Amino acid sequence: ITEKPKPQLTSDLKGDVLTGNSVTLYCTLKLQSDGWKFYWIKLAQSTETETETETHSYTIRSVRVSDGGQYRCRAGRGNPVYYTHYSDALWVNVIVRPKAVVIIEPDKHVFRGEKVTLRCNAQGGGDTEWTYSWYKKDNTLSPYRTSQEFSFSSVTDSDRGEYTCRGRRSDSQYSEISEAVTLTVSEKPKPQLTSDLKGDVLTGNSVTLYCTLKPQSDGWKFYWIKRRWSTETETETETYNYTIRSVRVSDGGYYKCTARRGNPDYYTYYSNELWVKVTESPKPVVTIQPDKHVFSGETVTLRCEIQGGGDTEWTYSWYKKYNTFYRTTQEFSFRSVINYDSGEYTCRGRRSDSQRSEISEAVTLTVSEKPKPQLTSDLKGDVLTGNSVTLYCTLKPQSDGWKFYWIKRRWSTETVTETETYNYTIRSVRVSDGGYYKCTARRGNPDYYTYYSNELWVKVTESPKPVVIIKPDTQVFRGERVTFRCEIQGGGDTEWTYDWYRDGYTFYTSLTTQEISISDYYSGKYTCRGRRRSDSQISKTSDPVTLTVSENPKPELTSDLKGDVLTGNSVILFCTLKPQSDGWKFYWIRPTQSTETETHHYFIRSVSVSDGGQYRCRAGRGNPVYYTHYSDALWVNVTGEYVTALDRTCYQ
């Protein structure tokens with residue numbers, strides 16, 4: 001007979017129990033004896049449950065987390081039942097068993113000839129060592145493998161398939177079997193090189209190239225080779241895209257790509273070449289209609305003009321003083337512009353492929369108050385008939401797109417003339433063109449009018465007609481010095497310059513003196529006209545005056561008597577020039593004396609014998625004196641008077 005026994009409660013597992021596995025508890029009595037039944041009590045919060053077994057072991061199969069807890073046991077036999085003491089409590093800790101994960105490196109999509117590594121990861125499940133079981137399509141992998149990872153040094157088509165694994169702990173507990181992972185083996189790939197842009201790349205934008213492998217897989221590095229002329233450059237990226245930012249023209253060229261991964265390195269084929277064409281990004285121009293200088297109340301249209309940049313559609317961004325001004329259309333309008341709308345405007349375009357143009361130069365819109373033009377004339381005084389006068393309708397500030405209207409008031413009548421420019425020229429002015437003028441300007445759609453200018457008085461007077469005066473005469477002889485004078489009466493108190501014409505051709509022009517004296521001239525019809533120095537207005541043209549030029553003349557010397565001259569009588573000598581002309585003095589020459597007269601005749605009164613002899617004459621005029629040739633000699637014969645008594649008586 002011994003003391004009432006206390007059994008010892010133990011487990012076949014040293015640590016945690018993984019769900020899905022089995023655990024066996026043992027209730028051991030010292031001094032073994034027969035006939036016992038065993039009772040297993042699990043403490044569950046405030047309640048206890050008791051299980052009876054015929055043996056001293058209790059196995060829990062396919063353990064769940066709820067099976068964990070404190071267990072005790074006791075034994076009983078006989079009738080009535082004799083119970084032992086309860087054992088000490090045993091803690092059974094149940095944790096969720098880990099699920100293995102198959103990892104394939106470099107990727108589950110691989111290419112023939114690559115090195116491929118499969119790894120079975122079982123995380124958790126206690127601090128223990130694992131052995132591994134590998135399966136292909138649910139069959140144990142052959143050859144049999146127990147390592148955590150293994151490799152195909154050069155994968156082939158026969159290696160493709162679904163792989164699973166699970167782990168077995170040193171206490172023979174199993175992890176959950178992994179999900180199947182499919183290893184796909186393809187031919188050595190040739191990547192496809194594409195661009196995110198369909199056409200030319202505009203400078204300053206970005207372009208992204210894509211080096212695409214089919215099927216896609218991980219672990220690659222990508223190499224981008226650019227060929228420009230005879231030079232190649234290479235760039236490496238970690239991803240299958242390569243972005244060139246702020247593209248320059250030099251970035252253009254032929255591109256190809258390849259990819260690499262693994263150890264040892266495994267390379268794809270090269271892609272086909274892709275031509276990346278880079279063109280200069282267009283720079284828009286902001287145009288403002290009707291002008292960048294506008295006036296309050298006008299309709300103003302801003303337009304963003306883009307030349308080049310490819311055959312594509314654009315959307316537009318507008319900025320005012322570099323702040324976004326929300327408009328996306330190529331043009332927009334202010335229906336009635338105000339001063340607030342003044343400022344610097346810029347724009348840029350965005351193509352359908354998201355490329356952007358350069359930003360335009362800033363254009364300043366200036367809004368001023370409704371203008372009143374200033375009306376002026378290019379002439380300071382009266383307008384001479386036959387000349388031109390130009391009126392100017394000036395706006396400040398100047399701007400484009402205007403039509404101008406000129407209103408003339410004469411007596412009670414108004415007439416309106418339209419011009420495309422701000423000046424209005426009246427050519428070949430008549431007296432009826434004089435009057436009060438005012439102007440206004442119009443532009444835009446709808447019409448926008450300025451105020452009227454103040455009136456301007458345009459006074460028209462008759463242009464003076466000069467008179468040509470030729471001295472010494474209009475009949476002159478070659479070598480004489482001739483003075484031409486252009487006499488202008490009226491035409492204003494001003495100074496003139498003079499133009500001379502012979503037979504309609506310019507003879508002298510822009511002379512500053514009223515008359516000229518020359519010795520080199522020709523026969524012809526001479527006219528002149530004046531040009532006012534102050535405003536360049538011209539007079540009428542004078543009537544023509546004919547100048548006749550003859551050879552140096554030889555006068556003809558004659559007498560009024562046909563025979564001898566009797567003493568005491570008188571005789572008249574004539575020195576005649578052909579053709580006749582004015583201004584001559586005449587010179588009478590005898591061997592013993594010379595006499596000058598103002599007229600072409602020489603009168604000798606009460607002739608004496610001493611007056612007889614040979615006479616010659618010539619004429620002279622001008623300063624210096626121009627002389628004709630001498631006439632032929634004329635013999636004047638003087639005889640004594642014979643007086644008879646009868647004659648004397650008759651005489652008395």
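# Rings, loops and strands in a predicted model

Q: Which residue lies over the face of tyrosine 86, and at what distance from the ring centre?
A: This is a predicted model, in which local features need pLDDT of at least 70, side-chain atom pairs count only at pLDDT 80 or more, and totals for chains, interfaces and linings use all residues. Residues are numbered from 1 along each chain as its sequence is written, and side-chain values use heavy atoms, with hydrogens and water left out. A charge sits over a ring if NZ of Lys or CZ of Arg is within 6 Å of the ring centre and within 35 degrees of the ring normal. Over tyrosine 86 lies arginine 72, and its distance from the ring centre is 4.6 Å.

Q: At what distance from the ring centre of tyrosine 174 does arginine 166 lie?
A: Arginine 166 is placed over the face of tyrosine 174. The distance to the ring centre is 4.0 Å.

Q: What is the mean pLDDT of the chain?
A: pLDDT is the predictor's confidence in each residue, from 0 to 100. In this chain 96% of residues reach 70 or more, and the mean is 91.

Q: Why does the pair of tryptophan 402 and tyrosine 448 count as tilted?
A: Rings of Phe, Tyr and Trp (its six-membered ring) pair if their centres lie within 6.5 Å; planes under 30 degrees apart are stacked, over 60 edge-to-face, and the rest tilted. The structure holds 31 such aromatic pairs. For tryptophan 402 and tyrosine 448 the centres are 6.4 Å apart, and the pair is tilted because the planes stand at 50°.

Q: Where in the chain do tryptophan 402 and tyrosine 448 lie?
A: Strands (E, at least two residues) are DSSP runs, numbered from the N terminus. The two residues are 46 apart in the chain, and their pair links distant parts of it. Tryptophan 402 is in the loop between strand 39 and strand 40 (403-410), and tyrosine 448 is in strand 44.

Q: Are phenylalanine 484 and phenylalanine 507 buried or exposed?
A: Buried means under 20% relative accessible area, exposed over 50%, and partly exposed in between (1.4 Å probe, protein chains only). Phenylalanine 484 has 0%, and phenylalanine 507 has 17%. Phenylalanine 484 is therefore buried, and so is phenylalanine 507: buried.

Q: Which residues form one aromatic cluster with Phe484?
A: Phe484 belongs to a cluster of aromatic residues.

Q: Which residue of strand 42 is the bridge partner of tyrosine 392?
A: Two strands pair if DSSP finds at least two bridges between them. Strand 39 (residues 389-394) and strand 42 run antiparallel, joined by four bridges. In strand 42, Tyr424 and Ile426 make up the covered face, Asn423 and Thr425 the uncovered one. The partner of tyrosine 392 is asparagine 423.

Q: What is omega for the peptide bond from asparagine 79 to proline 80?
A: Most residues other than glycine have a negative phi, and most peptide bonds are trans. Proline 80 sits in the loop between strand 7 (69-77) and strand 8 (82-83). Its bond from asparagine 79 is cis, with omega near 5°.

Q: What is phi of serine 606?
A: Serine 606 lies in the loop between strand 60 (601-604) and strand 61 (613-621). Its relative accessible area is 52%, so it is exposed. Phi is positive in this residue, which is not glycine: near 45°.
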